[in-house]
Amino acid sequence: MSFRSPSGRVIRNPKKLSFDYVPDRLPHRDEQQQNLFMLFRRAVESGVSQNAFLHGNVGTGKTASAKRFCLDYKEWASEKGKSVEHVFVNCRKRSNKSSIMWKLVSHFDKNFPDRGFSVGEMMEIMKKHINKHSIHLFIILDEADALIQRDGPELVFLLSRFDDENVTPVGSVSLILISQKNVLELLDESALSTFKRSNRILFPPYDKNEMKDILLYRSELALYPGSIEEDELDLLALITAERGDARLGIELLEKSALLAEQKGDNKIGPEDIRTAKADVDPHMTVSRLKGINKNERMILMAAAQKLRNNSFVTTGDLETHYKMLCENYGKNSLGHTQFWKYVNSLDAEGLLDTETVSSGKGRTTRISLNDIPADILEKKLKDLIEG
Ligand SMILES: Nc1ncnc2c1ncn2[C@@H]1O[C@H](COP(=O)(O)OP(=O)(O)O)[C@@H](O)[C@H]1O
Ligand SMILES: [Mg+2]
């Protein structure tokens, strides 16, 4: 067969949407970056090591912030003539002491044999490398709970007090732990004693506005100019801010872009976003639609029709369209108060989303559909209403 490339052009640079890519800026993580800098500033200035724990839910930018910090810090240090290096370990992939120690030693000796050395021996070898080159080494243990739960807190203990044992401390080591769980609770007394509780840096979930800034920034990096508009960014932000998870946000951005390209479009539309969301998280099912009453079905159908080409519809426009739809079906429509009541119950069921926004004209409520493409919803409702 001959392969057809999609004719639409939305994604300019796919690498900049990948999870491994570390962007130059991390909007809304300045405070965390600054806290890290305050903690580690003295590591370079006077060779004092420190430990930090980055704590927060999935997709709150912990891994990206740690990597960005190490890269920026390295530059800052080199201006002062100090040499800083970092080794990043994902403890879901390496969850025991010797495998992690091997990775640390291999940073200095690419040909280091992967067996035959104990943890203690590898620690000594690493120490020699660090002192020989007067390096300050950042060790980042990402998903550290996997290590501690599978192999105990010993390695965290050893690494966090690495400098105490260093007889001629020329180089030094700082440890950054990252986890969704509170790993400080998983550490035993001795490991905890070297970890100040105040060294915990919190990563709260992103809210809607923060998510929008992040997605705008990542679109500017990765997409052709003009391929996503304000309303569609708003819709993406609204959908993903429920969890505050930037990973989900970027994944949906990428999927929506690919769907638009496949259709031959040069622009992400609201249906691309909903299709992407339904793909990632197939929430809405026909069975849920069967659970709602006739009035709710009509309102939802009106919303689906209005939202085919739009990210949002105002409640006023929805009500007008709903009345027209009832008329077409020869049914009585609800009064305003009842209409509102059912819109709210659809919102509570998670079938619609209502949001109050301030505009030039004052405050209005607008409605969006976050789980299912409008055309699929319309077809399913049509079957139910007419069936
Ligand atoms: N503030 C931000 N600005 C831009 N991109 C971000 C931001 N926070 C997270 N990301 C991106 O979101 C994705 C998930 O972030 P990550 O650091 O892996 O989260 P965590 O480690 O907390 O699960 C990555 O692609 C990352 O680059
Ligand atoms: Mg992570």
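**View 1. Backbone contacts of ligand 1 at threonine 60 and its neighbours in the predicted model.** In this predicted model, a polar backbone atom of threonine 60 lies 3.2 Å from an oxygen atom of ligand 1. Glycine 59 also places a polar backbone atom by the ligand, 2.7 Å from an oxygen atom of ligand 1. At glycine 61, the distance from a backbone N or O atom to an oxygen atom of ligand 1 is 3.1 Å. Ligand 1 on its own has 550 Å² of accessible area, and the protein covers 96% of this.

**View 2. The pocket that holds ligand 1.** Ligand 1 takes up the space of the largest pocket. Two or more residues of the shell around ligand 1 come from each of the elements α2 (62-79), α9 (208-222) and α11 (246-262). Domain 1 (30-203) and domain 2 (206-280) each give at least three residues to this shell.

**View 3. Residues around ligand 1.** There are 20 residues around ligand 1. Those that come nearest are Pro27, Gly59, Lys62, Thr63 and Tyr206. By residue class, the shell around ligand 1 consists of 11 nonpolar, five polar and four charged residues. Gly59, one of the nearest residues, is also the glycine with a polar backbone atom 2.7 Å from an oxygen atom of ligand 1.

Methods
Residues numbered from 1 in each chain as written. Chains lettered and ligands numbered in written order. Predicted model: local features only at pLDDT ≥ 70, side-chain atom pairs only at ≥ 80, totals over all residues. Heavy atoms only, no water. Near = heavy atom within 4 Å. Polar contact = N/O pair within 3.5 Å; in protein donor to acceptor, adjacent residues only side chain to side chain. Areas by Shrake-Rupley, 256 points an atom, 1.4 Å probe, with all protein chains shown as cover. 1 Å grid on protein atoms, 1.4 Å probe; cavity = no way out; pocket = protein on both sides within 12 Å on 5 of 7 lines; lining within 4 Å. Sits in = over half its atoms within 2 Å of the grid points. Helix = DSSP H or I, 4+ residues; strand = E, 2+ residues; numbered from the N terminus. Nonpolar A, V, L, I, M, F, W, Y, C, P; charged D, E, K, R; others polar. Domains from an automatic or database assignment.
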